[in-house]
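Please look through the sequence and the model shown here before reading on. The report that follows takes up the chain as a whole and then some of its parts.

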Amino acid sequence: MQELISAIAQKTHAYTAFKWHGMRCSFTKRAKDAMLEPDMMDLPIRPRRNRKSAAMRGLMQETTLTAANLIYPMFVQEGDENTPIDSLPGCTRWCVADIAAECQRLYELGIPCIDLFAVVPEEKKDAAGSEAWNPDGVVPRAIAAIKAAVPDMLVMTDVALDPFNTYGQDGIVREYANGSYEIMNDETVEALCRQALCHARAGADIISPSDMMDGRIAALRAALDAEGFTGVSLLSYTAKYASAYYGPFRGALGSAPKFGDKKTYQMDPANAREALREAELDAAEGADMLMVKPATLYLDVIRAMREHTNLPIAAYHVSGEYLMVKAAAASGWLDERACMMEALLSIRRAGADMILTYAAPQVAAWLREK
Ligand code: PBG
């Protein structure tokens, strides 16, 4: 009894002291009346219980990021040198002779898929972009080298003409006498089919058209099937926006448009419904996977597409998105690892199954550490 009285006295004293400090607090009437537990709110529902330890948080985790979700974009060039890319710190232009060994290392890190982009010297570019379907070009040679050395690594290839033509445009350009120009849709689709067949013959597993021409998925599917490549997959750049965040990538390839922009074929950043229209067309034309690009600025588009289709969705964390984190981290302003992981996890949370990212090797290594 004596003990109880002193406990009450102590608590009353504490409460009085609390009040004397002039603090106003929102105790429920019950807590106030009791005056025994001034620090106890009447809160039966406490979401923090589900965050009380790392193990508890693990049980509750809704979204995961694993190396199995990652696709690594790689650049392959002529010659026998590997050159670091200034505009994409951490990335390299690989020569054909060394890219397979790097893919072996990536595969051992747990990365299941790479996406190949060609770096084309100016003297090999022409108006038609015909180097794009040269069977001795860097891409088909790299595909063959990688599939021979690391057969289980999935090799995806980019299909579009911008690294190959003198205009830096994704399609075939017609110039008019008055100085205007047009990116020709149907002529381009035919060229893309040639390029895709060149890659399939070299052993590509997945063809990934990034050009945004109309009807190219149906045409590519038909062209591949006609040559017996019924097992080669199509990952369509379904909603590729005319984004300013591609700048560092164009620097890496030397593929910036020589004139104009890409707004007559890439999508307006203002539009989301239009992405669903593109998704319906790609699904009807036979795409195996859809893509949203860029990723972190377009999480709403990823989410909308996720709710609209049952096809797997990829998101491309593009060069500018990668560089924002790298540059801020290099200045000591952001924590690179934490920010990169948060960006990629958020892309997954929005609804993407796969993520193309230049951070793939680093992220795969980080995921192994934890
Ligand atoms: C071009 C292509 C681009 C990217 C991938 N394929 C650039 C563009 O459309 O101008 C951008 C990738 C990136 O920024 O990381 N077909």
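Predicted model: local features only at pLDDT ≥ 70, side-chain atom pairs only at ≥ 80, totals over all residues.

Residues are numbered from 1 along each chain as its sequence is written.

**The chain**

The chain has 13 helices and 12 strands, where helices (H or I, at least four residues) and strands (E, at least two) are DSSP runs numbered from the N terminus. Of its 370 residues, 40% count as buried; a residue is buried if 20 or more other C-beta atoms lie within 10 Å of its own, exposed if 12 or fewer, and partly exposed in between, with C-beta atoms placed from the backbone.

**Two helices**

Helix α5 (residues 138-149) packs with helix α6 (residues 185-202) at an angle of about 25°, and their axes are 8 Å apart. Axes here are lines fitted to C-alpha atoms, for helices over the stretch in contact, and angles run from 0 to 180 degrees between N-to-C directions. The two helices are therefore roughly parallel to each other, a term for angles under 35 degrees. In their contact, Val139, Pro140, Ile143 and Ala144 in α5 meet Cys198, His199 and Ala202 in α6, two residues being in contact if their C-beta atoms, placed from the backbone, lie within 7 Å.

**Paired strands**

Two strands pair if DSSP finds at least two bridges between them, and two such pairs are set out below.

| Strands | Direction | Bridges | Opposite residues |
|---|---|---|---|
| β6 (residues 172-175) and β7 (residues 181-184) | antiparallel | four | valine 173 and isoleucine 183 |
| β8 (residues 206-209) and β9 (residues 233-240) | parallel | two | isoleucine 206 and serine 233 |

β6 and β7 form a hairpin with five residues between them, and glycine 179 in the turn has a positive phi of about 95°. As for β9, seven of its eight residues are buried, so this strand is largely enclosed by the rest of the structure.

**A loop residue**

Is aspartate 86 buried or exposed? Aspartate 86, which lies in the loop between β2 (83-84) and β3 (92-95), is exposed, because 10 other C-beta atoms lie within 10 Å. Aspartate 86 and alanine 252 are 166 residues apart in sequence, and in space they are 7.6 Å apart, C-alpha to C-alpha.

Terms used. Parallel < 35°, antiparallel > 145°, perpendicular 65-115°, else oblique.
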